[in-house]
Amino acid sequence: MKKNNLPIYFSIAVVFGMLIGTFFTQGKSLAVKRTSLNERKIKRLIDYIQRDYVDSVNTDMLLDDAIANMLDKLDPHSVYIPKENLQMVTESMQGNFVGIGVQFRMTRDTIAVVEPIEGGPSIKKGIRSGDRILMADQDTLYGKELLSRDILKILKGKPNTKVSLQVYRKMNDSLFTVEIKRGKVNIRSVDVAYMLNEEIGYIKLNRFARNSYREFKVALKTLLGENMKTLVLDLRENGGGFIDIANDIIDEFLEDEKLIVFTKNNKGDIHESFATEKGNFEKGKLYILIDEKSASASEIVAGAIQDNDKGVIIGRRSFGKGLVQQEMDLGDGSAVRLTTARYYTPTGRSIQKPYNSVSGIETKRQQKGMEVISYEEEISARYQNGELFSKDSIKTVDSLQYKTPKGKIVFGGGGIIPDVFVPIDTTSYVTRFLFNMLNEYTFEYVDNNRKKLDSLSLDEFLSNFDKDKKIANTFFQEVKGLNLSSRNKKRLTRNMKALIARDLFSNLGMYKVYQSEDKMIQKVLELENQSVK
């Protein structure tokens with residue numbers, strides 16, 4: 001065996017030995033009583049490497065590589081989570097963390113508060129947007145090239161521990177010290193919830209974390225209190241999360257005993273989830289917005305609504321993830337997220353897109369001589385083949401055709417195909433390229449004009465801000481070498497206004513700026529106008 005092949009073969013062997021050592025059922029581990037031959041082989045190999053290998057080797061790192069290599073052979077969504085990453089992943093899924101509760105950015109080697117998080121310790125202590133955090137206890141935080149993870153290690157901590165912050169407030173040129181007790185900070189799942197008009201409500205959900213249903217229920221109840229008759233649930237760029245949270249949200253829309261989703265494991269065991277009688281929006285009209293980044297739990301929601309003929313799905317074909325993962329503790333602070341089942345929509349559709357399976361077994365597409373695109377490149381391939389611009393370019397397979405109870409044709413085999421298609425805006429690629437520069441420009445503008453801007457109401461801002469385009473044109477002077485088209489300038493102007501609105505009025509301001517030219521929301525309003533006539 002050649003020396004440079006060692007990690008690959010070692011990876012396969014070590015993980016095989018490790019995975020068969022412990023089995024997991026519903027998140028609980030059952031220790032295997034006898035030590036297998038493979039485990040003894042792997043332990044012996046590790047001993048040989050530690051004792052006799054010509055160079056010094058970090059066997060912990062080899063083991064991490066081993067686990068990742070093994071999972072790579074399974075499916076794209078079975079992943080290894082090293083112990084140094086597990087806390088961050090867990091916080092994201094649980095929907096909270098312990099810290100001081102600020103969103104921040106580095107501005108000229110100084111931590112600038114973008115926004116204190118609602119309900120967090122900092123906002124209760126009077127920290128404001130634009131404040132600079134200079135010191136935390138004895139740690140100097142300015143004038144250094146600190147990474148975000150370094151700053152988080154300092155600002156986060158154990159519950160009820162205290163940190164003394166030295167803060168500079170540019171708006172009134174003051175320097176002060178404030179002591180903050182670290183506490184639980186909510187990572188919001190509902191970005192925004194408000195009425196688009198007198199009868200249509202809008203909720204933007206960014207994940208399906210443990211707190212997501214609770215936030216969604218509050219938002220739904222608030223909008224119902226404002227006489228909402230139609231709901232737009234925006235799941236664009238929502239990568240998913242917990243399946244049970246998705247089921248709870250769907251239950252708000254479907255009548256009692258309607259099938260939501262079912263899963264099937266490697267033994268053929270089927271678990272079905274049904275709606276209950278608790279739904280608060282079973283009679284209301286519903287639109288779901290999806291795009292190519294809507295995945296997993298987002299697709300469960302869209303699939304259940306579509307297959308039960310409940311609402312209208314608007315947008316572009318969703319990602320295509322029909323696999324269920326379970327997180328399993330590996331005993332050393334790390335974990336593996338292993339695919340344990342497939343899920344199916346109520347009509348029986350699997351919406352998992354193709355991927356190469358273990359041991360190089362060919363997929364059906366390969367067997368038929370069809371072109372195979374790697375799993376990671378599939379989304380960008382949709383741009384190339386025109387699918388993001390035209391529904392007619394979406395390839396479907398007749399054998400994967402299903403019918404809803406009312407006779408609507410739907411397809412499995414790779415994502416949820418919307419009922420109403422809305423093409424992508426190509427200018428978004430240009431604005432993404434310039435996003436960091438635009439973000440810096442808007443922050444500096446707000447930071448330098450905060451006193452004047454704080455006197456504006458949201459309605460005044462939406463109606464009157466930068467009518468003469470002076471602020472936008474100053475930015476275009478900075479990037480004049482790019483020769484931007486008038487269409488790109490128009491989108492960048494809107495993005496600039498939205499980013500400034502976010503700094504001043506949080507997410508509500510940003511979304512209201514975008515709403516006026518959001519093609520999917522405009523499609524909803526168009527369909528609603530047609531139904532009234």
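Student: Which residue of β23 stands opposite Gly 315?

Tutor: Gly 315 stands opposite Phe 421 in β23. Strand β18 (residues 312-315) and β23 are parallel and share two bridges; two strands count as paired if DSSP finds at least two bridges between them. Helices (H or I, at least four residues) and strands (E, at least two) are DSSP runs, numbered from the N terminus.

Student: On what kind of model does this reading rest?

Tutor: This is a predicted model, in which local features need pLDDT of at least 70 and side-chain atom pairs count only at pLDDT 80 or more, while totals for chains, interfaces and linings use all residues. Residues are numbered from 1 along each chain as its sequence is written, and side-chain values use heavy atoms, with hydrogens and water left out.

Student: How many helices and strands does the chain have, and what share of its residues is buried?

Tutor: The chain has 18 helices and 23 strands. Of its 533 residues, 46% are buried, where buried means under 20% relative accessible area, exposed over 50%, and partly exposed in between (1.4 Å probe, protein chains only).

Student: In what order do the strands of the open sheet lie?

Tutor: Strands of a sheet pair through backbone hydrogen bonds, either parallel or antiparallel. Here six strands form an open sheet with mixed pairing, in the order β12-β13-β14-β17-β18-β23. At the edges stand β12 (190-195) and β23 (420-421), each with a single partner strand, so one side of each has no neighbour in the sheet.

Student: With which strands does β14 pair?

Tutor: Strand β13 (residues 200-205) pairs with β14 in the parallel sense over five bridges, and Lys 204 has Asp 234 as its bridge partner in β14. From β13 the chain passes through helix α7 (residues 212-224) to β14 in a right-handed β-α-β crossover; with the strands pointing away from the viewer, the path from the first strand over the helix to the second runs clockwise. Strand β17 (residues 285-290) also runs parallel to β14, joined to it by five bridges, and Leu 233 stands opposite Ile 288 in β17.

Student: Why is β14 described as largely enclosed by the rest of the structure?

Tutor: In a regular strand the side chains alternate between the two faces of the sheet. Strand β14 (residues 230-234) is largely enclosed because five of its five residues are buried. Thr 230, Val 232 and Asp 234 cover one side, and Leu 231 and Leu 233 the other.

Student: At what angle do α16 and α17 cross?

Tutor: Two packed helices are described by the angle between their axes and the distance between the axes. The axes of α16 (residues 470-478) and α17 come within 10 Å and cross at roughly 115°; axes are lines fitted to C-alpha atoms, for helices over the stretch in contact, with angles from 0 to 180 degrees between N-to-C directions. The contact (heavy atoms within 4.5 Å) involves Ile 471, Ala 472 and Phe 476 of α16 and Lys 489, Leu 492, Thr 493 and Met 496 of α17.

Student: Where is Asn 483 found, and is this residue buried or exposed?

Tutor: Most residues other than glycine have a negative phi, and most peptide bonds are trans. Asn 483 has a positive phi, near 50°, and is found in the loop between α16 and α17. Asn 483 is exposed, with a relative accessible area of 67%.
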